[in-house]
Every structure is written in C-alpha cells, then in structure tokens.
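Subject: Structure handover

Hi,

Here is the structure we talked about. Please open it next to this email and follow along.

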Amino acid sequence: MIFAGIGAPGKLVIARRLAFPKILAGTSFVKLLSVRNSGLGVLHGNIDAVLGLSEPFTVIAGEAFTLGHNQSTLVKIQFSPGAPGVYSGLAVTSDDPASSAITVVLTGSAK
C-alpha cells in the first residue's frame, strides 16, 4: 500500500507595525517583535536584513526561526538613530505559502 499526501504548511502570524518611541539621537531603544506559527506544519523564516532592514534598526536576537504548530518566538530589534529624523523598514520571509514575504513597518524618530 502506498500513501501520498502533502504536509500541512506553517502559517506566519506577525504584527504589521512596530512603533518605537521618540528618543535622543545617539541613544538606543530595544523592542520585541512576536512571531508565531498558527499552522499545523513547521514554519521556517528569517528577519531579512537584505530585503529591507536598514540603519538605524538592527536585529540583535532571533533573526532566523523554526517554529512548530502554535510555537512562537520573540525577535529583539534595536533602534539606534545617530541623527535626528524619522526612520522605517523591515522585511520578514518564511516558507508560509500564503505569506512568503511580509513587510513589517518599523517606525521611530530621534530628536
């Protein structure tokens, strides 16, 4: 007897926006971004610096992730503006067939 089928995919659940408070230029602030798999399969993903994360935002923990059903992880993101201004940008990639690339808008300003 031969069985064939397709495994269940993972499903990426992530906030579409993460706002940092206004801080002084030359200082830094860290926030946590929650990433969860609500699908039945295993989800592999990456916070993709190449596709959109740029200064003054830096991932300092949790850049790559593998999550089973209903598992979650926290990604630690640091905002370190060197000059006054308004900043944004981040991309998340995964093997979720419905959401292989998601943009999470990071916002922050410095005075």
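Start with strand E9, residues 91-94. Ala 91 and Thr 93 point one way from E9, and Val 92 and Ser 94 point the other way. All four are buried (under 20% relative accessible area; exposed is over 50%, partly exposed is in between, with a 1.4 Å probe and protein chains only). Strands carry the letter E and have at least two residues, while helices carry H or I and have at least four; both are DSSP runs numbered from the N terminus.

A word on the source: this is a predicted model, where local features need pLDDT of at least 70, side-chain atom pairs count only at pLDDT 80 or more, and totals for chains, interfaces and linings use all residues. Residues are numbered from 1 along each chain as its sequence is written, and side-chain values use heavy atoms, with hydrogens and water left out.

**The sheet around E9**

Which strands does E9 pair with? One partner is strand E4, residues 43-47. E4 and E9 run antiparallel and share 3 bridges. (Two strands pair if DSSP finds at least two bridges between them.) Gly 45 has Ser 94 in E9 as its bridge partner. Another partner is strand E10, residues 101-103. This pairing is also antiparallel, again with 3 bridges. Here Ala 91 stands opposite Thr 103. E9 and E10 make a hairpin, with 6 residues between them.

(Axes are lines fitted to C-alpha atoms, for helices over the stretch in contact; angles run from 0 to 180 degrees between N-to-C directions.)

**A sheet of three**

There is also an open sheet of 3 strands. Its order is E2-E11-E8, and the pairing is mixed. The edge strands are E2 and E8 (85-88), and each pairs on one side only. The twist averages 15° from one strand to the next. E8 pairs with strand E11, residues 105-110, in the antiparallel sense over 4 bridges. Within that pairing, Ser 88 has Thr 107 as its bridge partner.

**The aromatic rings**

How many aromatic pairs are there? The count comes to 3. (Rings of Phe, Tyr and Trp, the last by its six-membered ring, pair if their centres lie within 6.5 Å; planes under 30 degrees apart are stacked, over 60 edge-to-face, and the rest tilted.) One of them is Phe 20 with Phe 79. This pair is tilted, at 5.5 Å centre to centre and 45° between the planes. Phe 20 lies in the loop between strand E2 (17-19) and E3, and Phe 79 lies in strand E7, so the pair ties together parts 59 residues apart in sequence. Both Phe 20 and Phe 79 are buried.

Phe 57 and Phe 79 form a stacked pair, at 5.0 Å centre to centre and 25° between the planes. Phe 57 sits in strand E5 (residues 57-61), 22 residues from Phe 79 in E7. Phe 57 is buried too. Together, Phe 20, Phe 57 and Phe 79 form one aromatic cluster.

**Ile 77**

Ile 77 is found in strand E7. Is Ile 77 buried or exposed? Its relative accessible area is 0%, so Ile 77 is buried. Beyond its neighbours within four places in sequence, Ile 77 is in contact (heavy atoms within 4.5 Å) with residues including Phe 20, Phe 29, Phe 57 and Leu 106. Ile 77 and Phe 29 are 48 residues apart in sequence but 8.4 Å apart in space, C-alpha to C-alpha.

Asn 37 is in strand E3, residues 29-37. Asn 37 counts as buried because its relative accessibility is 0%. Its side chain reaches the backbone nitrogen of Lys 11 at 2.8 Å. The Asn 37 side chain also reaches the backbone oxygen of Gly 41 at 2.7 Å. Not counting residues up to four places away in sequence, Asn 37 touches several others, among them Leu 67, His 69 and Asn 70.

Asn 70 is in the loop between strand E6 (64-67) and strand E7 (72-79). Asn 70 counts as partly exposed because its relative accessibility is 47%. Its phi is near 60°, a positive value in a residue other than glycine.

Best wishes

Notes: A polar contact is a pair of N or O atoms within 3.5 Å; within protein, one must be able to donate a hydrogen and the other to accept it, and residues adjacent in sequence count only if both atoms are side-chain atoms.
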